[in-house]
Amino acid sequence: LIPAYAGISGSTQFREAEAIAEQLISGRKSPGLTVAVGKGGKIVYSRGFGMANLETNTALAANGVVQIGSITKHFAAAAILRLEEAGKLKLEDRLDRFFPNFPRAADITLHQMLTHTSGLSSYTNDDFLQSSRLDYTEAQMIERFEKTDPLYLFEPGTSWIYSDTAYFLLGLIIEKVAGEPLPKYLKREVITRAGLAHTAIDDAADVVPHRVSGYSPSPDAPSGFANASFVSLTYAGGAGALRSTPEDLCRWYYALMNGKVVSAASLAKMLTPVRLLDGRYPPRRKDHPFNHGGDDVLYGYGLDLASYEGRKCISHTGYIQGFLSGFYGFPENDVVIAYTANCDGAAVDLAGGIGGLRGSLFKAFV
């Protein structure tokens, strides 16, 4: 195990959190976990548990780099807002400005795409594991979207549904407006501004120091795990192609909240829960991916804004083959908790166990 930062390990609640993490590893819920906590703008705790690679018997350090899936979405949202600040687009722009031949492109706005109220369904709901193994061009992805049946699940602005399709398209829009590839623009205008050293649009060809291997549960295997299915990040794009670490996610939260990435006006837009055309917050369904309780969906631009244990919370989770991740920022307490696990969402018990770990850290630091 990697030592915690000095001065923290004496806390009873801290020991409870570590015990939960160790139980998740010994119970074979995940080969490894990494956890970081920021308070007052500084990393006050960071630790890795378990293994980064089972085949090489490599321990998981606190700086292990993993794919963070859908946490990518609010990085993409920040990039769109940077382009708006530069006068290159408006959130009221409709999709047909950028993709005039896309079905019903004149009916949906960037604002609706950012807030999952466009009505677009999610391309990842259909044979995801098999399709995501292949590399795709922009044209091939657009063709895939257009063949989705149904492509729209409701009239734009009248409901809420989580849409990977909307965010992949937003990534393509960033490239069109910026005139450069998404990884280059995102690095210069978002990631570098935030001071992140271990965050980037991922590519399987990249040689990444401290890269962590991803796994899926396999109860019949001697280790309890199998190597996760390969995923081409060309299939994830602006919806989920980033890699990062929990420490970088903590730094990202503080950089975003302290105005280092987007303006105060843009941040306010990101942190404003979307309302439907009739003025209501979207009603929360039982199968809602951010089901933290309550009757309403409170979601901004790539960020879940539902409260946690009665405290204002800014959060998002990520899933991609081989990995689970999440971060939870508490602005009233100036605390952020981030985690990654190198086992994917097939492990239902893992998500519940991480919920317990998060709850213990919440009690210790908030």
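**Inside, ends and edges**

Colleague: Not counting residues up to four places away in sequence, which residues does His-74 touch?
Modeller: This is a predicted model: local features need pLDDT of at least 70, side-chain atom pairs count only at pLDDT 80 or more, and totals for chains, interfaces and linings use all residues. Residues are numbered from 1 along each chain as its sequence is written, and side-chain values use heavy atoms, with hydrogens and water left out. Taking contact as heavy atoms within 4.5 Å, His-74 touches Trp-252, Leu-256, Met-270, Tyr-301, Gly-302, Leu-303 and Phe-327.

Colleague: Does His-74 count as buried or exposed?
Modeller: His-74 sits in helix H2; helices (H or I, at least four residues) and strands (E, at least two) are DSSP runs, numbered from the N terminus. Buried means under 20% relative accessible area, exposed over 50%, and partly exposed in between, with a 1.4 Å probe and protein chains only. At 0% relative accessibility, His-74 counts as buried.

Colleague: How far apart are the end C-alpha atoms of helix H7?
Modeller: The expected span is 1.5 Å times one less than the number of residues. With 13 residues (182-194), H7 should therefore span 18 Å, and the model agrees, its end C-alpha atoms being apart by 17 Å.

Colleague: Where does H7 bend?
Modeller: The bend at a residue is the angle between axes fitted to the seven residues ending there and the seven starting there. For H7 that angle is about 40°, at Arg-188.

Colleague: Which residue with a positive phi follows H7?
Modeller: Among the buried residues of H7 are Tyr-185, Leu-186 and Ala-194, and their cover includes helix H8 (246-257) and strand S5 (200-201). After the helix, a phi near 75° belongs to Gly-195.

Colleague: Which strands stand at the edges of the open sheet of 6 strands?
Modeller: Strands pair if DSSP finds at least two bridges between them. The order is S3-S2-S1-S11-S10-S9, with antiparallel pairing. One side of each edge strand has no neighbour in the sheet, because each has a single partner; these are S3 (58-59) and S9.

Colleague: What angle does the direction of H8 make with that of S11?
Modeller: H8 packs on the sheet, touching S1, S2, S9, S10 and S11. Axes are lines fitted to C-alpha atoms, for helices over the stretch in contact, and angles run from 0 to 180 degrees between N-to-C directions. The angle with S11 is about 145°.

Colleague: How many bridges join S9 to S10?
Modeller: S9 (314-320) has 5 of its 7 residues buried, so the rest of the structure largely encloses it. Gly-318 stands opposite Ser-325 in S10. S9 and S10 run antiparallel, and the number of bridges joining them is 7.
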